Amino acid sequence: MKNVSQDYIDREIAEERQPVELYHIWTDGGANHWYYTSGDASVTYDGHTYTPAVVSRGQVSWNSELDVSTLNVQFHHADDSIIRFLSMNPITPTWISVMKLHRDQSPLEADVIFVGLILGVSFRRNVANANCVGFEHFLKMPIPVWRYQLTCNHKVFDTNCK
């Protein structure tokens with residue numbers, strides 16, 4: 001008789017619990033919001049209805065040295081949230097949040113997997129691949145030290161800077 005490992009049992013239980021992922025995409029300032037789920041039926045969570053979409057993601061990469069976390073999300077249909085990237089990156093930043101929940105849970109509770117910024121989208125045939133970075137991206141960005149004007153040579157945020 002074969003012994004079943006606990007890892008196998010855990011995977012089987014997870015499949016029975018109807019796991020889905022929720023994707024919330026929004027523009028900076030909250031002007032536009034899009035809600036998608038990887039499931040086959042709509043999911044209402046936190047007052048928003050997540051519509052089914054053919055969307056998948058890669059693994060979130062991060063390490064203990066606080067390098068910028070990255071995530072690739074693939075959309076297999078170009079809709080309003082992604083088609084904006086077709087000609088060029090939009091001027092307003094576009095954010096993404098990825099959560100996971102189990103539909104059989106009562107009350108519904110979602111685990112946040114990733115929150116970050118969509119840097120760019122590449123298109124290949126009918127698949128759009130969104131390259132996302134975590135909020136650590138802003139911590140690693142250089143801040144200009146000098147203000148570039150002819151009349152002002154003070155440091156930005158200095159007491160002498162007007």
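Tyr36 is buried, at 8% relative accessibility. The model is predicted. Tyr36 sits in strand E2. Its ring pairs with that of Phe75.

A pair of aromatic rings is described by the distance of the centres and the angle of the planes. By the rule used here, the structure has 2 aromatic pairs. What are the centre distance and plane angle for Tyr35 and Tyr50? The centres lie 5.2 Å apart and the planes stand at 85°. The limit for edge-to-face is over 60 degrees, so the Tyr35 and Tyr50 pair is edge-to-face. Tyr35 is in strand E2, and Tyr50 is in strand E4, residues 48–52. The two tyrosines are 15 residues apart in sequence, so their pair ties those parts together. Is Tyr50 buried or exposed? Tyr50 is buried, because its relative accessible area is 3% and the cut-off for buried is under 20%. Tyr35 falls under that cut-off as well, at 15%.

Charge pairs come next. Side chains of opposite charge can pair when their charged atoms come close. How many salt bridges does the structure hold? The count is 2.

One joins Arg57 to Glu21, with the closest N and O atoms 2.9 Å apart. Arg57 lies in strand E5, residues 55–57. Glu21 lies in strand E1, residues 19–27. The partners are 36 residues apart in sequence, so the bridge ties those parts together. Their accessibilities fall in separate classes: Arg57 is partly exposed at 29%, while Glu21 is buried at 13%.

Asp40 and Arg103 form a salt bridge as well, at 3.2 Å from N to O. Here the partners sit in loops. Asp40 is in the loop between strand E2 (33–37) and strand E3 (43–45). Arg103 is in the loop between strand E7 (94–102) and strand E8 (111–124). The bridge ties together parts that are 63 residues apart in sequence. Asp40 is exposed, because its relative accessible area of 66% passes the 50% cut-off. Arg103 is partly exposed, at 29%.

Strand E7 also holds Ser97. Ser97 is buried, with a relative accessible area of 9%. Which residues does Ser97 touch, not counting those up to four places away in sequence? The contacts are Leu22, Tyr23, His24, Trp26, Phe114 and Val115.

The surface has a nonpolar patch. Phe135, Phe138, Leu139 and Met141 form it. Together they have about 450 Å² of accessible area. Phe138 lies in helix H3, residues 136–139.

Terms used
Residues are numbered from 1 along each chain as its sequence is written. This is a predicted model: local features need pLDDT of at least 70, side-chain atom pairs count only at pLDDT 80 or more; totals for chains, interfaces and linings use all residues. Side-chain values use heavy atoms; hydrogens and water are left out. Patches are made of residues with over 30% relative accessible area and no salt bridge: like charges are joined within 9 Å, nonpolar side chains (Val, Leu, Ile, Met, Phe, Trp, Tyr) within 5 Å. Accessible areas come from the Shrake-Rupley method with a 1.4 Å probe; for residues, only the protein chains shown count as cover. A salt bridge is a side-chain nitrogen of Lys or Arg within 4 Å of a carboxyl oxygen of Asp or Glu. Helices (H or I, at least four residues) and strands (E, at least two) are DSSP runs, numbered from the N terminus. Buried means under 20% relative accessible area, exposed over 50%, partly exposed in between (1.4 Å probe, protein chains only). Rings of Phe, Tyr and Trp (its six-membered ring) pair if their centres lie within 6.5 Å; planes under 30 degrees apart count as stacked, over 60 as edge-to-face and the rest as tilted. Contact means heavy atoms within 4.5 Å.
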